[in-house]
Amino acid sequence: MLQVKNISAYYGDAQALENVSLAVSESGVVALLGPNAAGKSTTLRVISGILPAASGSVTFNGEDITTASPQERVELGLVHVPEGRKLFGTLSVEDNLLLGGYCGRKDRKTGSRLERVYERFPKLKERRNQDAGLLSGGEQQMVAVGRGLMAQPKVLMIDEMSLGLAPLIVKQMFSLVQEIALEGVCVLIVEQHVQNALAVSHHGFIIESGVTRVAGTAQELMESALVRESYLGH
Amino acid sequence: MGVKKIAKRKLVRLSALGVATVVALPLLMGCSTAASSSSSDSIKIGAFFPVSGSLALLGEESWRGVQIATDLRNAAGGVADKSIEMVFADVPDVNAATSEARRLASDSDINLAVGSYSSGLSLAASEVFARGGSTFVELGAVSEAITDRDYENVFRFNPAAGSFTKLQMRFITEHLAEELGKPVSELNVILAHEDSAYGQSVAENAVIDAAEAGLVNFSLEPYNAKSTDLSSTVLRLKAKAPDIVIAVSYAADAILLGRQIRDNGLQLGAFIGTGGGHSLKGFHDALGEAADGVYDVDFTQIHVNEEFTPGITEFTAAYEERYDSLPASGHALANFTGANLLFDILEETNGSDDPEEFRQAAQNFKLEIGTTSSGWGFSLNENNQNELADVYVMQWNGDQLETVWPEQAAIRAPLPATPFGV
Amino acid sequence: MNLLVQTLVAGLLLGGVYALIAVGLNLIFGVVKIINFAHGELVMIAMYATFWMWTAWSLSPYISIFIITPLMFGFGVLLQRFILQPMQNSSPTIKIFVTLGLSVLLQNLALVLFGGQYRSTTFPWAEQNFSVLGVTATYGRITAFLVAIALVIALFYLMKKTLTGKVLRALAEDRETAGLIGIPVKKYYLVAMGLGTAMAAIAGVLIGPFQSVFPLAGAHFTLLAFVVVVLGGLGNMAGSLIGGLFLGAVETLAGTYIDPALQQVAVFAVFIIVLLVRPQGIFGGSARNAEVGLK
Amino acid sequence: MKKKSLIWTLGLVAAAGLVPVFTSDQYILHVCVMILIYVGVTVAWNILAFGGILSLGHAAFFGIGSYTVAILYVKMDVNPWLGILAAMVTAALGSLLLAVPLLRLRGPFFALATLAFAESLRLIAIYAVPLTNGSVGITTPPTQGFALISFSSREPYYYIVLAMALIAIGISIWIYYSKMGYHLRASASDDEAVRALGVRTPRLKLAALVISAALTGAFGAFAAMYLFVIDPETNFSTPLYSIQPALNGIIGGMGTVAGPIVGAIVMTPLGEWLRTTFSGTTQGLNFVIYGVALIIIVRVMPGGIVSGMKKLYRRFRPENRSDGTAPDASGPIQPEQELANSEGGRS
């Protein structure tokens with residue numbers, strides 16, 4: 001469904017990605033793993049189009065979208081939930097969600113989509129009129145994911161979902177991700193917490209220093225020597 | 001640290017290139033200025049006026065007066081069989097004035113220059129000419145400082161700021177006091193002025209002249225020249241309840257002040273403008289009938305006793321033909337008159353613009369009052385200021401600014417009126 | 001006492017217009033993140049348009065406003081599309097100098113086209129006086145004030161209640177994320193610039209009947225509008241309204257009770273003090289101020 | 001190599017020193033003097049730009065400098081050479097009034113504060129008539145002599161301002177390569193990171209402000225002696241001494257050493273040429289062209305002439321690689337971008 005081939009990218013003069021490749025299928029959870037500053041978030045930025053690829057290609061459903069605008073990608077169903085949630089803090093929870101549904105607003109089903117998000121996160125319905133910036137970290141992450149869901153994603157990329165959240169909430173979020181995946185959405189999660197991530201994933205990729213090192217099923221990764229040594233071994 | 005060294009080297013090379021440009025530039029510019037031709041059958045005169053920037057409006061008017069005088073004189077055979085060539089320089093600000101003065105002064109054919117409408121520009125441009133030993137003749141700026149610097153080659157043919165305030169005080173003591181039925185010592189007079197060089201230098205003179213005239217109840221009310229709202233000034237005036245307000249304003253603030261006096265219902269016995277904005281047609285256009293009755297002391301305007309101002313009809317016709325409208329203010333006429341005086345003096349030197357000869361001729365040149373197109377006479381005092389140049393009192397009536405005082409220049413008597421319709 | 005009331009009334013009437021100009025600037029500054037040094041020139045263009053429509057066709061300012069405003073909206077869109085948008089990713093400094101260039105260009109274009117004359121729209125109705133309890137004001141100023149207040153409130157609701165407004169607020173806060181979730185950022189920049197320009201234009205038309213127009217007529221408003229925006233808080237429309245009224249009052253009060261020559265100094269002093277004491281503005285900004293360089 | 005570039009520089013400085021030998025045209029020398037005044041002010045302005053700080057208020061320091069020397073000389077009979085030194089002190093003291101805004105405000109907000117500061121000083125100079133003569137201004141007496149910095153010809157002025165400009169450039173280069181300059185430049189791209197390393201950036205910025213103001217004040221003082229007439233509209237002029245130096249800096253290359261020099265050398269004669277060429281035609285046309293040129297120059301070379309040339313240079317190097325990959329690519333020339341742009345969320 002989504003294929004990333006040999007991309008490289010720069011921030012100014014600094015190279016952030018050297019050679020990253022990955023592919024995800026129709027549904028399921030895929031984990032993108034790697035140490036700090038390995039280029040995981042940068043990879044997502046390239047996939048969602050806010051950072052142009054210096055070389056390589058991104059294809060979605062067989063269509064080359066390497067140079068497409070972020071907006072076009074969202075319309076295709078490629079949705080990015082950024083690191084740090086990036087909510088519009090002075091807008092209400094509901095407004096944040098509504099803006100997430102901006103691309104699909106013309107089919108006039110925004111209302112029912114909003115209801116579905118509220119069903120999934122009843123807490124958000126209670127807080128719909130509050131400024132998003134005033135919510136707790138977990139609630140904010142719910143709004144961020146909900147905002148992503150409002151765009152009817154086919155591939156939902158969530159960056160560092162569990163960062164700074166309490167363990168209990170992290171657990172909830174991971175099971176949430178699995179639920180979403182069961183509804184026919186492919187969820188690509190970027191995580192530093194390798195064990196948790198692999199526990200819910202089908203596939204995984206490991207990036208180091210801007211290069212894809214390992215790719216395989218979650219099972220294969222768990223068993224690979226590299227992962228055992230570098231990420232699980234301690 | 002190798003990188004740093006390379007960077008440093010490149011940098012040095014770049015700055016070297018910069019310095020090279022400084023060196024090459026004079027050579028390039030030298031080529032362009034060397035091209036100017038010289039000819040013996042014309043007299044080249046520098047002309048500095050601001051025709052862009054914030055002084056553009058009346059700067060342009062002033063320059064028009066000089067141009068008309070030049071063209072008319074050339075059509076009549078020039079000066080001492082030589083044609084006059086005005087070398088124009090736009091001087092929107094003081095830096096430009098200094099710069100352009102240098103440029104023209106470095107042309108060996110230019111030993112004489114005129115200007116400049118604005119006092120600041122005049123001070124700057126005339127310094128350059130005077131310090132270089134050439135002649136500068138001011139035709140429009142009023143600041144006393146221009147001729148107070150003891151430069152023997154800086155002249156002013158038009159009236160200075162003191163003439164404005166002296167006439168205003170005379171008008172108040174000799175005419176308005178009686179009309180308002182109050183002794184001079186009881187008249188409450190306020191001078192509201194904008195705070196540019198023009199307003200401040202007039203205010204300075206006014207304080208002295210008011211004291212001399214016995215106006216004990218005289219005060220100043222300065223405001224910022226670029227204000228877009230004069231509510232405060234008008235409210236302060238209202239609180240002081242003056243009999244007479246004298247205003248020194250540029251264009252926009254003159255209109256604003258008038259409108260806000262009207263809107264606030266400030267009743268005045270008389271309102272006297274001091275040239276600038278109060279002479280402009282736009283002032284009357286903006287205020288309509290409310291402007292009727294407003295007095296204005298300024299350079300000669302076209303509605304004046306024509307017997308007193310020989311040549312004014314010729315000027316007005318030429319202006320109308322050329323610009324398809326009547327002069328916007330008295331500046332064109334003042335500069336026209338000044339330029340003609342200059343040409344007459346050059347006639348005396350037989351067309352020589354040698355500073356020494358010019359000074360001699362100018363100091364010996366005398367004309368009676370009422371013999372020039374502005375009604376001025378000509379006689380220089382020890383500061384090279386034309387003592388016989390004067391201003392007159394005018395009054396708005398309909399859309400005309402009619403000269404009303406003193407009698408020799410007047411076309412009618414001053415009429416009592418309620419300024420700004422209140 | 002009467003003097004104080006008169007002064008305050010004059011200040012508030014003036015402040016209404018400042019608010020309107022500032023609200024437009026706030027949109028441009030807050031959403032498009034451009035320090036628009038040509039903002040006053042947009043006011044000036046509308047003042048000229050008002051003058052010419054009145055002089056040439058006897059169109060009252062209160063009719064021509066319906067022609068001038070959409071035209072200026074279009075002008076703002078064109079400016080954004082062809083001059084500012086290509087600069088969107090440049091540093092703020094570069095953008096400042098492009099708008100400064102634009103301001104020089106527009107001022108002098110007006111000088112080339114219309115000369116330095118001071119022109120006044122003399123619309124008799126606007127010059128009539130309205131007087132209550134010894135406090136007077138002209139219909140023109142009162143109208144300008146009321147329309148300004150109404151428009152600022154309307155804009156406030158637009159920003160709060162409509163999808164367009166929400167998108168604009170989201171953009172003001174974080175344009176990268178807005179783009180990321182599929183909002184066509186460039187399109188809304190055009191809208192913001194158009195709206196901002198239209199607000200400046202409406203202000204220009206409204207002050208037409210009592211303010212003379214000349215090429216530098218707008219220059220004065222630019223810095224004032226920035227002061228209002230900073231006072232009221234970036235992205236805060238209600239703040240701009242109150243900031244505008246406050247500044248108008250400060251200006252006239254300082255003029256009446258200190259010295260008219262120091263009016264502007266008082267305004268700038270208030271500006272610098274507010275920047276120091278509450279950099280987020282008296283009423284706080286709704287946008288993340290850090291994005292335009294505020295800590 | 002180093003020796004070679006040193007010889008080059010010395011050669012060109014010597015050549016600049018010989019300009020009056022090549023031409024005695026007073027106008028050309030005058031333009032050269034004006035160029036060097038602008039080189040000085042722009043270089044001074046640029047010292048703040050090392051730290052990514054944009055000032056639009058250098059007219060304040062210029063004006064303080066001008067008035068200091070003029071008031072001391074004309075009203076108190078203090079020798080103008082001493083006056084120039086005093087001007088540096090007063091300008092530096094004046095700049096301290098901006099210390100708090102400098103440390104609390106960033107990017108455009110500091111720029112606006114400086115603009116308002118300079119405008120306020122202009123209005124106060126108009127208002128304080130007893131001290132400044134108000135709008136009428138102060139005119140220096142025509143008495144000539146080296147001790148009084150007053151000459152009938154341009155040559156001595158030229159040498160004085162050349163020496164001053166070289167000193168300013170020297171100080172600027174010294175700062176750029178000193179530890180202070182290094183930290184300043186680093187703080188331009190990431191102030192917090194630099195502070196995290198234990199560098200006290202507020203102190204550095206303050207030092208940059210004070211040095212910048214003092215140098216600007218010196219050139220303001222020289223300009224006062226050179227132009228004879230000192231008035232608020234000119235010596236506190238926002239377009240002439242706040243905007244123009246910043247513009248020179250931007251066009252040459254903000255925050256680089258050579259940039260402001262190149263900028264001032266290119267822009268001063270350009271303005272001069274436009275005015276002389278178009279004066280007497282349609283009024284205002286020269287500024288229309290200037291405005292258009294400004295927009296085009298800034299758009300075509302957003303990093304300034306110097307970086308444009310560097311890019312060109314880089315293009316012809318074998319190890320080049322494609323550039324401008326990120327939309328928010330921040331070259332070394334626009335260090336303040338990260339802080340001030342909405343895309344700088346990563347810091």
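## Interface of chains B and C

Between chain B and chain C, 15 residue pairs are in polar contact, both residues at pLDDT 80 or more. On the side of chain B that touches chain C, at least two residues each come from α2 (56-75), β7 (218-223), α7 (231-240), α8 (251-263) and α9 (281-287). The largest share, eight residues, belongs to α8(B). Sorted by class, this side of chain B holds 13 nonpolar, 12 polar and 10 charged residues.

The model is predicted. In it, 35 residues from chain B and 36 residues from chain C make up the contact. The two chains bury about 2600 Å² between them, with 52% of it on carbon and sulfur atoms. Three salt bridges cross the interface of chain B and chain C. B:R262 pairs with C:E127 in a salt bridge whose closest N and O atoms are 2.9 Å apart.

## Domains of chain A

Chain A is split into domain 1 (1-77 + 154-233) and domain 2 (86-152). Their centres, taken over C-alpha atoms, are 23 Å apart. In the contact, 17 residues of domain 1 meet 12 residues of domain 2. About 1100 Å² is buried between these domains, and carbon and sulfur atoms give 71% of that area. On the domain 1 side, A:V74, A:M173 and A:L176 lose the most area to domain 2, together 31% of what that side buries.

Two salt bridges are found across the interface of domain 1 and domain 2 of chain A. A:R120 and A:E183 form a salt bridge through their side chains, at 2.8 Å from N to O.

Conventions:
Residues are numbered from 1 along each chain as its sequence is written. Chains are lettered from A and ligands numbered from 1 in the order in which they are written. This is a predicted model: local features need pLDDT of at least 70, side-chain atom pairs count only at pLDDT 80 or more; totals for chains, interfaces and linings use all residues. Side-chain values use heavy atoms; hydrogens and water are left out. Contact means heavy atoms within 4.5 Å. Buried area is the accessible area (1.4 Å probe) that two parts lose on being put together, summed over both. A salt bridge is a side-chain nitrogen of Lys or Arg within 4 Å of a carboxyl oxygen of Asp or Glu. A polar contact is a pair of N or O atoms within 3.5 Å; within protein, one must be able to donate a hydrogen and the other to accept it, and residues adjacent in sequence count only if both atoms are side-chain atoms. Helices (H or I, at least four residues) and strands (E, at least two) are DSSP runs, numbered from the N terminus. Ala, Val, Leu, Ile, Met, Phe, Trp, Tyr, Cys and Pro count as nonpolar, Asp, Glu, Lys and Arg as charged, and the others, Gly among them, as polar. Domain bounds come from an automatic or database domain assignment.
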